[in-house]
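The structure under discussion is shown first.

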Amino acid sequence: MKQDAAEIRAQYEQQGYLSAIPILSPEELQQSRDAFAELERKHGEDYTAYSLHNIHKDNDWVMALAKHPRLLEVVTAVLGPDVILLDSRFICKYPVGKPESNGSSDKMEGLPFVAWHQDMTYWGFDGGPVLSVWLALDDSLEDNGALQVIPGSHQSGLLPHHQSKRAGNMLSVNQEIPEELVQSEKALLCPLQAGQMSVHDGLLVHASDPNTSNRRRCGYVIRYVPTCAYPIQDPERPRSFPDTVLVSGFDKYNHFSSKL
Ligand SMILES: O=C(O)CCC(=O)C(=O)O
């Protein structure tokens with residue numbers, strides 16, 4: 001049964017995330033996978049693993065994903081009608097061959113993974129939340145390193161982060177929440193079938209393990225903010241948002257130079 005906007009929002013606010021939401025039709029999924037395969041041929045897998053950043057303005061098929069009506073229905077249910085796309089990136093873990101013993105940490109050493117973190121540490125926003133969409137182009141399951149979340153952890157505020165000592169962290173600034181602050185016993189996997197998405201709050205603690213399967217795990221991660229949100233000025237880390245797009249409603253704040 002389809003949830004209405006108030007139910008979507010209530011569940012999101014309580015848990016800090018929603019998962020396994022069907023978005024793409026089989027045809028849309030196939031077209032997206034074909035277009036992505038074209039980028040892999042053009043750039044090579046080393047590049048497409050993490051460097052396809054903010055390509056939504058130059059690629060109509062990518063913009064169509066970011067503005068997909070079913071996806072925006074969920075995003076606007078949570079953030080309200082006036083929404084800006086802040087940033088987007090493909091994040092792909094390619095198969096590297098199965099470690100001989102199943103999952104022992106020394107065999108996983110150096111394989112790409114994502115350390116426990118909160119997105120807000122990186123984005124540094126005030127005036128409104130940041131919401132992240134993870135739209136699956138491949139099935140994303142336990143063995144190929146699906147996203148894991150700590151439900152409710154968005155209610156504990158911003159946690160300290162330090163530089164990760166483990167090799168292979170895919171995050172841009174190699175950030176990580178110290179182990180003793182992560183309630184990993186509460187971790188839940190967010191398995192997705194290709195074409196489904198999960199969404200999570202900028203304060204939700206989340207991570208993902210290496211891909212130990214023989215299948216690719218490719219997702220399109222899109223960050224959205226309500227138009228009232230604005231970046232905190234941080235002289236230590238000046239950031240710019242040159243590729244924002246108003247994807248829904250009206251922007252009366254003009255915190256970004258977003259164009260429709
Ligand atoms: O793709 C992953 O494994 C992690 C993605 C992530 O950290 C995010 O969507 O914020």
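The dialogue below takes up a pocket and then a pair of helices in this predicted model.

Q: How much space lies in the largest pocket?

A: Rolling a probe the size of a water molecule over the atoms shows where empty space is left. In this model, the largest pocket holds about 440 Å³ of space. Its lining consists of 30 residues, and those closest to the pocket centre are Tyr50, Arg89, Trp123, Ser172 and Arg223.

Q: Which elements give two or more residues to the lining of the largest pocket?

A: They are strands E2 (83-93), E3 (114-117), E11 (206-208) and E12 (217-226), together with helix H7 (119-123). The largest share, 4 residues, belongs to E2.

Q: How do the residues of that lining divide into nonpolar, polar and charged?

A: The lining comprises 13 nonpolar, 10 polar and 7 charged residues.

Q: At what angle do helix H1 and helix H5 pack?

A: Two packed helices are described by the angle between their axes and the distance between the axes. For H1 (residues 5-15) and H5 (residues 69-79), the angle is about 70° and the axes are 8 Å apart. The two helices are therefore roughly perpendicular to each other. The crossing of H1 past H5 is right-handed.

Q: Which residues of H1 and H5 meet?

A: From H1, Ala5, Ile8, Arg9 and Tyr12 meet Val74, Ala77 and Val78 of H5. By class, this contact has 6 nonpolar residues, no polar ones and 1 charged.

Conventions: Residues numbered from 1 in each chain as written. Predicted model: local features only at pLDDT ≥ 70, side-chain atom pairs only at ≥ 80, totals over all residues. Heavy atoms only, no water. 1 Å grid on protein atoms, 1.4 Å probe; cavity = no way out; pocket = protein on both sides within 12 Å on 5 of 7 lines; lining within 4 Å. Points joined across faces, edges and corners; volume = space filled by probe spheres on them. Nonpolar A, V, L, I, M, F, W, Y, C, P; charged D, E, K, R; others polar. Axes fitted to C-alpha atoms, helices over the stretch in contact; angles between N-to-C directions. Parallel < 35°, antiparallel > 145°, perpendicular 65-115°, else oblique. Left-handed = near helix turned anticlockwise from the far one by under 90°. Contact = heavy atoms within 4.5 Å.
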